[in-house]
Amino acid sequence: MASLSEDIVRGVLRHSVGPAVKDLYMWKPKLFWLQICPEWTRIAKAYVYSEAFIECYVHDSKALNNMHMRPLGGSPLAQKWVSNIDLITQSDCQGLVRRLNLKLATRMDPDAYLDAVLQLLIKYSGNWASVNSVRVETSRQTDYESHEDLQKKRGICRRLAQVVSQVQAVEADCDSRIYSKTMCEFAGCYAESLRSLKLLDIMSFSIPSFAPVLSDLTMALVSAEAQAIPRIFASTLQKLNVYSYPKHFSWSYFQDPLGASKPLRFGQLKELRLNFTQDPSAELPMRLDICEPAELEFPMLRVLMVSGCLVDTCDNILARTHESQVASVVFGGALGAAKSLSRSSFACIDSLIIEISPVAASDEDEFYSVTNRLFGDFAIKHSGGLHIHHTDFALSVGMLQWTSLTSLVLQRPMEFYDVIDLIGALPRLEQLDLAEMRLDMLATEEAAAAFGERLDSDTQPFEAPVEILSLGSVVGECPFHVSAGAVQFLMIKMPMLKQVLVDDYLEEYLDLFVEEYMDEIPHLAEIKVLAT
């Protein structure tokens with residue numbers, strides 16, 4: 001091992017130690033890399049000790065039996081703290097820590113929780129300035145009703161921010177809204193330095209604005225709560241992810257009050273995700289203030305993901321993008337909103353993924369027009385995916401012009417012979433996921449006999465390079481050998497097939513079929529049969 005160059009060792013460690021993990025249990029295997037030899041230990045410390053964990057569990061947590069997850073304290077509520085910070089400081093490696101992970105899986109007052117974290121950090125080392133990222137995770141059982149003392153909360157957050165002083169990224173996944181409010185106060189302590197902020201629940205800040213260095217923002221907008229959102233500089237954002245179910249959404253969150261009359265320019269934004277769902281408790285539909293301000297600009301947008309937005313929202317966003325720059329689009333919503341997307345003029349995109357909610361029979365013609373435009377006229381370089389929840393009409397294969405489609409999910413029943421025609425009409429199809437394949441047309445003895453003859457004679461493979469075939473249910477009043485034969489027929493005609501997902505009752509039989517015929521039909525040897 002010592003003969004390997006340091007660059008090679010670092011390359012192995014970057015690949016093998018892997019990305020950041022979320023808890024101590026997943027971190028423990030990384031300690032292996034400290035035991036190979038002294039030279040590897042010296043280099044590996046920077047990768048292994050880049051993450052510190054402080055976790056609070058109930059008293060009987062099995063993790064306490066692990067020597068590398070040592071209890072650091074207790075409380076009258078039968079809580080135990082486990083962490084690796086003692087191991088890190090004993091190895092004098094606190095200067096290597098880049099990410100601090102805090103996890104709570106028991107009920108506890110949020111202020112007391114952060115205060116306990118603060119005391120533990122101070123106890124083991126007074127200087128954690130190397131930490132540039134903090135992640136906090138709580139579970140649903142942590143919700144704690146208490147009288148909030150705002151001054152006390154701010155004091156604890158500020159003292160913690162002094163100990164962990166160089167943070168540039170904060171991520172909080174808190175199912176408890178009490179904790180979410182605390183995390184907003186904590187994140188607000190870094191308002192001048194934050195480059196990345198991901199708050200996966202309610203946002204309610206007391207600060208007026210973030211500094212114009214914030215480039216990656218994920219925020220949830222929830223209609224049930226009044227939300228105080230600081231000024232966010234549109235000019236520096238590179239990634240923006242807004243989701244949940246707001247009562248309203250306005251681009252004015254990002255508008256400079258002094259320049260309100262000017263176009264709102266997201267000059268560096270490369271990725272925009274708007275994922276809205278209707279609040280089930282709301283009596284009125286969600287309202288999106290998309291015309292305020294009237295002018296938006298997204299000159300550098302590369303990735304656009306839109307789900308649950310209204311038609312005029314899509315029109316407004318798409319009208320402000322430089323369509324020649326867009327490389328990836330993911331869209332989910334009603335057919336009408338997909339229609340606004342089909343009116344765009346994307347020069348050549350790498351990926352287009354569309355999920356369409358149920359389509360009424362009255363919209364059948366528009367359905368073909370919109371989808372043919374998206375997956376026929378658009379020049380899609382790599383992947384084109386379509387997910388259809390339901391249509392009140394059977395798909396007419398003769399109406400389809402989906403020449404760029406590579407992945408299709410169809411959540412309505414489809415007859416076996418229609419499946420054959422469908423695959424034949426999609427020359428680039430790589431993945432097909434059907435909720436139900438019906439064999440009603442093979443139910444009579446005559447039909448089954450005719451199918452048997454076709455199975456023996458029709459050996460011409462499909463043009464489509466299908467690699468994954470998922471058949472949620474194979475249904476029909478026909479003998480078992482006919483059901484199995486229908487799937488075998490598809491497997492034989494798909495020379496690129498790698499994976500088949502079928503009902504449990506077919507799995508074993510198809511495994512035997514592959515084993516018996518893979519010498520005669522070589523590509524069968526590459527197929528893995530799995531039960532759905």
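Over the ring of which residue does the charged end of Lys-493 sit? The charged end of Lys-493 lies over the ring of Phe-462, 4.8 Å from its centre; a charge sits over a ring if NZ of Lys or CZ of Arg is within 6 Å of the ring centre and within 35 degrees of the ring normal.

This is a predicted model, in which local features need pLDDT of at least 70 and side-chain atom pairs count only at pLDDT 80 or more, while totals for chains, interfaces and linings use all residues. Residues are numbered from 1 along each chain as its sequence is written, and side-chain values use heavy atoms, with hydrogens and water left out.

Rings of Phe, Tyr and Trp (its six-membered ring) pair if their centres lie within 6.5 Å; planes under 30 degrees apart count as stacked, over 60 as edge-to-face and the rest as tilted. By this rule there are 12 aromatic pairs, including the two tabulated here.

| Pair | Geometry | Centre to centre | Angle between planes |
|---|---|---|---|
| Phe-186 and Tyr-190 | edge-to-face | 5.3 Å | 80° |
| Phe-266 and Phe-298 | stacked | 5.2 Å | 20° |

The pair of Phe-266 and Phe-298 links distant parts of the chain, 32 residues apart. Phe-266 lies in the loop between β11 (264-265) and β12 (271-276), and Phe-298 in the loop between β14 (296-297) and β15 (303-307); strands are DSSP runs (E, at least two residues), numbered from the N terminus. Phe-266 and Phe-298 are both buried, meaning under 20% relative accessible area, with exposed over 50% and partly exposed in between (1.4 Å probe, protein chains only). Phe-186 and Tyr-190 are buried as well. Elsewhere, ring pairs join Phe-367, Tyr-368, Phe-393 and Trp-402 into a cluster.

Note on methods: Helix = DSSP H or I, 4+ residues; strand = E, 2+ residues; numbered from the N terminus.
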